[in-house]
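Visitor: Can you walk me through this one? I'd like to go spot by spot.
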Amino acid sequence: MKLEMTLKEVQDSIIDEFSVFDDWMDKYNILIEMGKELPMIDPKFKVKDYLIEGCQSKVWLYPQYDGKAVTFTADSDAIITRGIVALLIRVLSGRTTEEIIMADLYFIDRIGLRQNLSPTRSNGLLSMLRQMKLYAMAYKAQGSGQSQ
Amino acid sequence: MIDIDVVRSDFPVLHKKVYGKPLVYFDNGATTQKPLCVLDEVRKVYTDYNGNVHRGVHAMSDRTSEAYEGAREKVRLFINAAKREEVVFTSGTTGSINAIAYSFGERYIQPGDEIIVSEMEHHANIVPWQILCQRKGSVLKVIPFNDQGDLDLDEYLKLLSPRTRIVAVTQVSNALGTIVPLKEIIGPAHSMGIPILVDGAQGVQHGFTDVQSLDCDFYVFSGHKIYGPTGIGIMYGKEKWLSELPPYQGGGDMVDRVTFEKTTYNELPFKFEAGTMNYAGAIGLGRALDYLNELGRNEISDREKTLLAYATERLSSVPGLRIYGQSASKICTVSFLLENIHQYDTGMILDKLGIAVRTGTHCAQPVMEHYGIDGTVRASLCFYNTIEEIDALGTGIEKVISMFS
Ligand SMILES: Cc1ncc(COP(=O)(O)O)c(C=O)c1O
C-alpha cells in the first residue's frame with residue numbers, strides 16, 4: 001500500500017479541517033463524523049486480546065503487518081472515542097514501523113485535543129497511541145530478528 | 001427558606017466559567033464545593049494560632065488543641081453521638097472502614113465467620129472486607145437489590161446466621177441515590193447480637209443522622225463530601241466496641257506509656273489517632289457543620305427534595321432516557337443512560353457545555369453488573385444547585401441526543 005501523503009501532510013490537512021471551527025461543539029461534531037467513517041475492525045477481533053486497557057470506553061485495536069507497513073483497524077463503544085481513534089489511524093495506519101515509532105503527532109496539540117492526551121483523562125488517547133507504537137516496535141523487533 | 005443567591009455567593013467555585021460557559025456543578029456525590037467560611041477557618045488555623053495538637057505547653061499548641069477538640073464536639077453533636085470518646089478523626093470514609101475492618105477482624109473474626117455487605121456498596125465498603133476475608137478465612141455474603149434500586153430485605157434476613165460477625169451497609173447508594181432503610185437492617189442484626197457499620201459517605205450531608213436513635217455500632221463519613229476540607233473523615237464507634245478493638249496504627253499520641261517491654265495505649269479516642277492528625281482539616285470540617293446548622297438542616301432537606309422531584313420529572317420527559325435507581329426514598333442523585341449513546345459520549349459533550357457530571361461505574365461495579373451495563377451518567381445535586389441548572393442539564397441532554405442520532 002502506497003500512501004499518498006507524508007506524515008506531515010496528513011497532519012497538516014487535519015489541522016486545516018479543524019481550523020475552520022473555534023467552537024468546541026463543532027470540533028466534536030467532526031470527531032463524531034470521523035468516528036462513523038472509521039475503518040471497522042472485523043468483529044472476530046473484538047476480543048480481550050485486542051482491547052486497550054485504561055480507557056473509560058472500550059477500544060479494540062487490530063494491527064496487521066505485511067513486512068513493510070502496519071495497518072490498523074479499530075472500534076470503540078463510544079463515538080467520540082471512535083473519532084479519536086479514526087484520527088490516529090488516518091495518520092499512522094499504513095506507515096512503516098520506523099515512521100510509527102518516531103512519529104511526532106503535533107496535530108493533537110494544534111487541533112486542541114491536547115487535554116485529551118493527559119494521563120488523567122480517561123478517554124485513552126494516550127493508551128491508544130502507546131499501543132500503536134508498541135505494535136510497531138514489536139513488528140520491528142520481529143523483522144530485524146528474521147533478517148539476521 | 002434558603003435564599004439561593006446568598007447561599008451561592010458563599011461558594012466561590014460556583015461562579016467559575018468552563019469553556020466560557022457558566023459552571024453547572026452536578027458532581028456533588030464525588031466531592032462538594034466549600035463555603036468561604038470553611039476556607040477562612042482553615043486559613044485562620046495557619047495565620048492565627050498554628051501549633052501541634054496535644055503536644056506542647058505553649059499557647060499555640062493549646063489553642064490548636066482546643067479548636068481541634070471543639071471540632072470533635074461539633075461532629076458529636078451533628079450526628080448525636082453520646083460521647084466525645086466515640087468520635088475519632090481519620091483521613092476519610094475509606095480510612096475509617098479500613099481501620100474498622102482491620103481492628104474488628106483482629107479481635108473477632110475466625111475462619112468460617114461471615115461478614116454481610118450489600119450489592120449496592122461503594123468499593124470502599126467491599127474491598128477492605130474482602131482483604132479481611134482473605135486474611136482470616138472468613139466469608140463475604142451479599143444482600144441483593146431489586147431493579148428499582150431497593151435492598152431485598154427478605155434475602156437479608158436469610159443471610160443472617162450464627163456465624164455472622166458484622167453487617168456493613170451504606171446509608172445511601174452513591175450510584176443509585178437510594179436511601180437504605182437502616183432501622184430494618186439494624187433491628188434484626190441486633191436481635192442476634194450482630195454489630196452494624198454504616199457507611200455514611202453519601203448520607204450524612206442530607207437530612208438528619210442520629211447515631212443513637214439509629215443505634216448503629218459504627219458510622220463513618222468523609223469531610224470533603226459535606227462541604228469540609230479533603231483528607232479528613234470520621235469514624236464513630238460505640239464506646240463498648242472502640243474500647244475492645246485493638247489500635248490499627250502505632251505511633252505518637254496514641255500511647256500511654258512506652259517501654260521496650262510493653263506499651264500501654266492512650267484512652268479513647270486518642271488510641272486511634274496515631275501521629276499528627278489533620279487538625280486543620282478537622283477544624284475546617286467543624287466549621288462546615290456549623291454552616292449547615294446555620295442554613296438549617298430541614299431547609300436543606302426541603303430544598304433538595306424539590307430539586308430531586310424537578311430533576312426526575314425533567315429528565316423523565318427526555319425520550320430514550322432511562323433512570324437507574326427509582327426507589328421511593330432517594331437523595332437528589334439521578335443516574336441515567338441515553339438509548340444507544342455511550343455514557344462517556346454524553347459526559348464529554350455535557351462537559352463542553354459547562355455541566356460537570358460523573359460518568360462510569362462510580363466505584364460501584366457490582367451495581368453496574370446488576371443492570372448489565374458498563375456505567376451510567378450521574379448528576380448528583382445538592383442544596384446550592386438550582387432549577388435553572390436542571391433545565392440547562394435537560395437542554396444539554398437534548399443537544400447530546402441530536403448530535404449522536
Ligand atoms: C458510599 C461511599 N462510600 C465510600 C466512599 C469513599 O469516600 P472517600 O473516597 O472520601 O474515602 C464514597 C465516595 O465516593 C461513597 O460514595
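Predicted model: local features only at pLDDT ≥ 70, side-chain atom pairs only at ≥ 80, totals over all residues.

Visitor: Sheet first. In what order do the three strands of chain A run?
Guide: The order is β1-β2-β3, in an open sheet with antiparallel pairing. The edges are β1 (59-65) and β3 (95-96) of chain A, each pairing on one side only.

Visitor: How many bridges join β1(A) and β2 of chain A?
Guide: Seven, in the antiparallel sense, with β2 of chain A covering residues 69-76. Within β2(A), A:Val70 is the residue opposite A:Tyr65.

Visitor: Which helix packs on that sheet?
Guide: Helix α3 of chain A, residues 79-92. It touches β1, β2 and β3 of chain A, and its direction makes about 170 degrees with that of β2(A).

Visitor: New topic. Where is B:Gln343?
Guide: In helix α12 of chain B, which spans residues 343-352.

Visitor: Is B:Gln343 buried or exposed?
Guide: Buried, because its relative accessibility is 5%, under the 20% cut-off.

Visitor: What does B:Gln343 touch, leaving out residues up to four places away in sequence?
Guide: B:Leu337, B:Thr359, B:Gly360, B:Asp374, B:Gly375, B:Thr376 and B:Val377. B:Asp374 is 31 residues away along the chain, with 8.6 Å between the two C-alpha atoms.

Technical notes:
Residues numbered from 1 in each chain as written. Chains lettered and ligands numbered in written order. Heavy atoms only, no water. Helix = DSSP H or I, 4+ residues; strand = E, 2+ residues; numbered from the N terminus. Buried < 20%, exposed > 50% of the residue type's maximum accessible area, 1.4 Å probe, protein only. Contact = heavy atoms within 4.5 Å. Pairing = 2+ DSSP bridges. Axes fitted to C-alpha atoms, helices over the stretch in contact; angles between N-to-C directions.
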